[in-house]
Amino acid sequence: MKIQYFFLIFFLLAAGFQGSAQDITESTFGNGIINSVAKDSSFSIKFGARFQALYAADWRDSEFEGFESESSNILIRRARLKFGGFAYSPKLEYKIELGLSNRDIAGASEFTEGAPMYIFDAVLKWNFYENFVLWAGQAKLPGNRERVVSSGDLQLVDRSLLNSRFNIDRDLGIQLHHKTFLGRNVIVKEIFALSQGEGRNVVTGNLGGHQYTGRLEVLPFGEFKDYREAALERYQTPKLSVGVTYDYNDDAVKTRSNMGEYMFTENGFHQTDISTFFADFMFKYKALSILGEFAHRDAENPIAREEDGMPTGAIVNTGNSINLQGGYLLDNNIEFVGRFTNVQEDIPGSRFPNQNQYTLGVSKYISNHKLKVQTDISFNDNPEPEMNHIMYRLQIDFHL
């Protein structure tokens with residue numbers, strides 16, 4: 001059955017349920033369209049939807065006439081359906097997230113059997129013993145902090161260049177999560193993931209080796225209430241989280257570990273071991289929030305070559321990046337944000353050139369992250385002046 005039919009049937013059933021019940025729901029805005037628990041407590045379901053409507057414009061630096069308009073676009077940046085809850089026992093949770101926008105589902109190829117990439121998350125989480133939780137399915141790997149934060153919980157319109165160049169995104173496999181309490185306030189979180197190494201929705205099996213990811217996170221002043229950007233909680237005592245991640249993709253066949261372009265050769269794929277390291281921190285206190293990240297990627301043989309030694313043109317995106325951003329939230333829930341990102345490539349000619357990006361943004365949180373309006377402007381400074389450009393964005397973010 002095509003997934004469009006699934007969506008139609010689901011909404012008809014949901015509408016029929018609501019129409020026959022004629023009850024006034026106790027749910028509040030942003031807490032799901034459906035949010036219920038079975039009478040015998042054998043399962044629960046929470047269903048929500050969200051979308052981001054985005055306007056974006058770019059101006060490119062012209063040698064003779066300054067910055068000239070290059071493009072403008074209005075689009076649905078993201079549109080998602082989210083399902084979650086528990087099944088059989090509160091210790092067995094599930095999460096399903098599906099994409100609907102064109103940018104969400106782009107990437108169909110022979111490796112997805114030509115099908116759009118609808119599925120973002122499809123994962124079970126089993127709390128099988130004390131603070132140990134086993135995940136199985138497709139989900140985000142425990143990579144850089146900015147990536148693990150939901151795209152609907154950001155304090156700028158979108159994530160930084162560090163994330164777009166070096167993140168390790170989602171994959172199929174298993175993850176083991178554990179939490180250790182040291183004393184009254186100190187918390188240590190450990191995560192290990194073993195995944196296929198090919199990225200989300202790939203159905204052709206393992207093309208190279210497997211991917212191994214480990215993350216260690218320390219919270220010296222106690223737990224954060226949520227994993228979001230912006231200081232909407234207005235903590236009255238400082239909160240800090242410091243984390244490191246190491247990811248190793250054995251015999252990877254893509255230019256960005258489990259993402260990017262496939263490195264085809266005349267006789268199959270160019271395979272190389274790719275390692276990625278992240279270090280990050282998040283600090284929140286009252287109206288102030290600060291986020292910092294560092295990324296480094298290396299590969300054993302980053303330049304794809306044919307058997308005769310000729311380069312194919314595919315190059316692994318190796319290098320470093322630093323991202324620093326901070327925001328201050330006013331009493332009326334208007335936040336001013338600044339961000340600086342630096343990207344340094346190791347190999348000239350790779351897809352992503354060296355650059356600095358400077359961003360200033362303003363967000364109005366009408367109902368926290370569930371309903372907000374965000375705008376930002378960025379200047380991309382490149383070694384080659386003709387590559388410099390200014391980007392302006394305006395976005396509405398809506399969650400049910």
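User: A salt bridge is a side-chain nitrogen of Lys or Arg within 4 Å of a carboxyl oxygen of Asp or Glu. Which residues are linked in a network of salt bridges?
Analyst: This is a predicted model, in which local features need pLDDT of at least 70, side-chain atom pairs count only at pLDDT 80 or more, and totals for chains, interfaces and linings use all residues. Residues are numbered from 1 along each chain as its sequence is written, and side-chain values use heavy atoms, with hydrogens and water left out. The structure holds 21 salt bridges. The network is made up of R50, R80, K95, E97, D104, D121 and R170.

User: Which strands hold D280 and R215?
Analyst: The side chains of D280 and R215 form a salt bridge at 3.0 Å, N to O. The pair ties together parts 65 residues apart in sequence, because D280 lies in β15 (residues 272-285) and R215 in β9 (residues 211-219). Strands are DSSP runs of E, at least two residues long, and helices are runs of H or I of at least four, both numbered from the N terminus. The strands are thus β15 for D280 and β9 for R215.

User: Are D376 and R393 buried or exposed?
Analyst: Their side chains meet in a salt bridge (3.0 Å, N to O). D376 is in strand β22 and R393 in strand β23, 17 residues apart. Buried means under 20% relative accessible area, exposed over 50%, and partly exposed in between, with a 1.4 Å probe and protein chains only. Both D376 and R393 are buried.
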